[in-house]
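Here are my notes on this two-chain model, as promised. Have the viewer open while you go through them.

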Amino acid sequence: MTTSALPAPVGVFQAWRADAAATARKLLANPLTAVGVAVIALLVGVALFAPWIATHDPLRQQLDAALQPPSGAHWFGTDEFGRDVFSRLVHGTRITLFIVTLVTVVVGPLGMGIGVVSGYFGGRVDVLCMRVADVFLSFPSLVLALAFVAALGPGLDHAVLAIALTAWPPIARLARAEAMTLRNADFIVAAQLQGASHLRVLWRHLAPLCLPSVLVRLTMNMASVVLTAAGLGFLGLGAQPPLPEWGSMISEGRRYMLDSWWTVAAPGAAILAVSMAFNLLGDGLNDALDPRQSS
Amino acid sequence: MTASPLLQVQGLQVAYGPTPIVHGVSFTLGREKLAVVGESGSGKTTVGRALLKLLPRQARIGAERLQFDGMDLLQAGERDMAALRGRRLSMIMQDPKYSLNPVMSIGRQIAEAVQRAAKLSHAECNERVETLLARVHIRDPKRVAAQYPHEVSGGMGQRVMIAMMLAQRPQLLIADEPTSALDVSVRQEVLHLLDELVAEQGLALLFISHDLNLVRHFCDRVLVMYAGRVVETLAAADLPRAEHPYTRGLMAALPSLRQRRAVLPVLQRDAAWSAA
């Protein structure tokens, strides 16, 4: 090995950037992942520029133009109140992204924290945390989310809270498994040997090692969050009308489905595309971040 | 303070489950180089880790007396031990491949130890890390500090471990085969460095090894372990005149440059050794 063969990173930041660039290249090398990334990028772009992209006000009713088929004026047709489906779809991306982001931000740290602590300390702490997780896991997540929303009252914020409460146990399980395989590793003992406290070992040594698999799981989780949010919306417990949430759009269009297929098809396709994209991205991240698979 | 030795161990027992694997190990350690030798699985490393209470949690440690600088280690809680570890009691672990965190750069891992010894600014800390790396004879410390453990060789990893230990200037160092991964020239440097520390800082060194020749020349006293027991304690210079048959057997199994021997003798074990 010659010293010149290794491009010496000048600082931690540059090293990190080079690393991130390599990961990104690996991600995009897979065509399916690239499709997923593209769809999600589109979603984010549409959400950011929704008012400029939308052709109509998503909330304005025009009863004389109700249930019109797709045309030049209304690209995806109109719904029962004459609202433009395309514009509603565009504004709906904001709600979907809001739910996905908020749930992920809550669930990631929560699940990882509980999992790492439970795996590292083991014993009674582990039993306690995992039995609570078992209770949550033993219910189908939509049913549990329904119960939470029923108790809290319908609404977007409560839907987020309910989904977050049902989504943390799998993350915690994963982080716990990683922490358990690592807690007796020599380098953890070596850190303790240097006098590191439990908190330091957990935060600086264990958490970074659990991060890749948790990240992958979180991304895959986003797909099910989209579905659950749409499900809650469909059942009338998520976003409340007149908010253009995709699930509630399907629910409203369901009555006219046979004659006016576009009221259901457009939001349905959007839900399908987005949840599929998150799944593809999660798969790609799994391949890109797993050091055991890289050649 | 000078009258009583730094570390007193009497009747140390370590057990996993019902059967103890270290039986009644006793020794004292002052400011000297004490070697622990014995074959694989004789409990050398377990004794070393037991002193720091760094064994897996199912291990039970018992002793009649376990004293470090007037402190009773048996009574010390996890918090007290954490305060002692690194600052006053330290250890160089056997295998650098497993003892360095794979996702942290070497510089950052040493910096953790440096920051614990004294709060320094970022620049000062980096400087100190580089000084420490240079001290263990690593060329181009800047580059090595930015590298990750898988990018350096075993010998360099071993020296990184030593640099981490040096950051906090402990009083007692347990070196668990610190030179087994090193080539001969680097080994001499590392031994020289340890020697310096003992001479200059009055470091007490517990040197775990299975290299009898090395121990004979490097250490002051030798503790010979077999099956979790200390079978013999003697001055290093007296190794050729050891009395216990196990030690004699080990010595006899060493090849020699001066005397040509057709067949090296194989150690003949005696059940009585582990019952004693």
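**Notes on the predicted model**

1. Let's start with the sheet in chain B: 6 strands make an open, mixed sheet, in the order 7-8-9-3-10-11. Strand 7 (89–92) and strand 11 (229–235) of chain B are the edges, each pairing on one side only. From one strand to the next, the twist averages 20°. For the terms, helices (H or I, at least four residues) and strands (E, at least two) are DSSP runs numbered from the N terminus, and two strands pair if DSSP finds at least two bridges between them.

2. Before going further, the ground rules: this is a predicted model, where local features need pLDDT of at least 70 and side-chain atom pairs count only at pLDDT 80 or more, while totals for chains, interfaces and linings use all residues. Residues are numbered from 1 along each chain as its sequence is written, chains are lettered from A and ligands numbered from 1 in the order in which they are written.

3. Inside that sheet, strand 3 (residues 33–37) of chain B runs parallel to strand 9 (residues 204–208) of chain B, and 4 bridges join them. Leu34(B) has Leu206(B) in strand 9 as its bridge partner.

4. Have a look at the hairpin in chain B as well. Strand 1 (residues 7–16) and strand 2 (residues 19–29) of chain B pair in the antiparallel sense, over 7 bridges. The bridge partner of Val9(B) is Phe27(B) in strand 2. There are 2 residues between the strands, and Gly17(B) in the turn has a positive phi of about 70°.

5. Over to chain A, where helix 4 (residues 85–121) packs on helix 11 (residues 262–289) at an angle of about 35°, with the axes 11 Å apart. Axes here are lines fitted to C-alpha atoms, for helices over the stretch in contact, and angles run from 0 to 180 degrees between N-to-C directions.

6. What does each chain give to the contact between them? Chain A puts in 21 residues and chain B 24. On the chain A side, helix 1 (12–29), helix 8 (186–193) and helix 9 (198–234) give two or more residues, and helix 8 of chain A gives the most, with 7.

7. Finally, confidence: pLDDT is the predictor's confidence in each residue, from 0 to 100. Chain A has a mean of 87, with 94% of its residues at 70 or more, and chain B averages 86, with 98% scoring at least 70. In chain B, helix 11 (residues 271–275) is lowest at a mean of 74, and strand 9 highest at 92. Residues 1–6 of chain A stay under 50, with 1 contact beyond four places in sequence. Where pLDDT is low, the predicted coordinates should not be read in detail. The model scores ipTM 0.71 and pTM 0.74.

Definitions and conventions
Contact = placed C-beta atoms within 7 Å.
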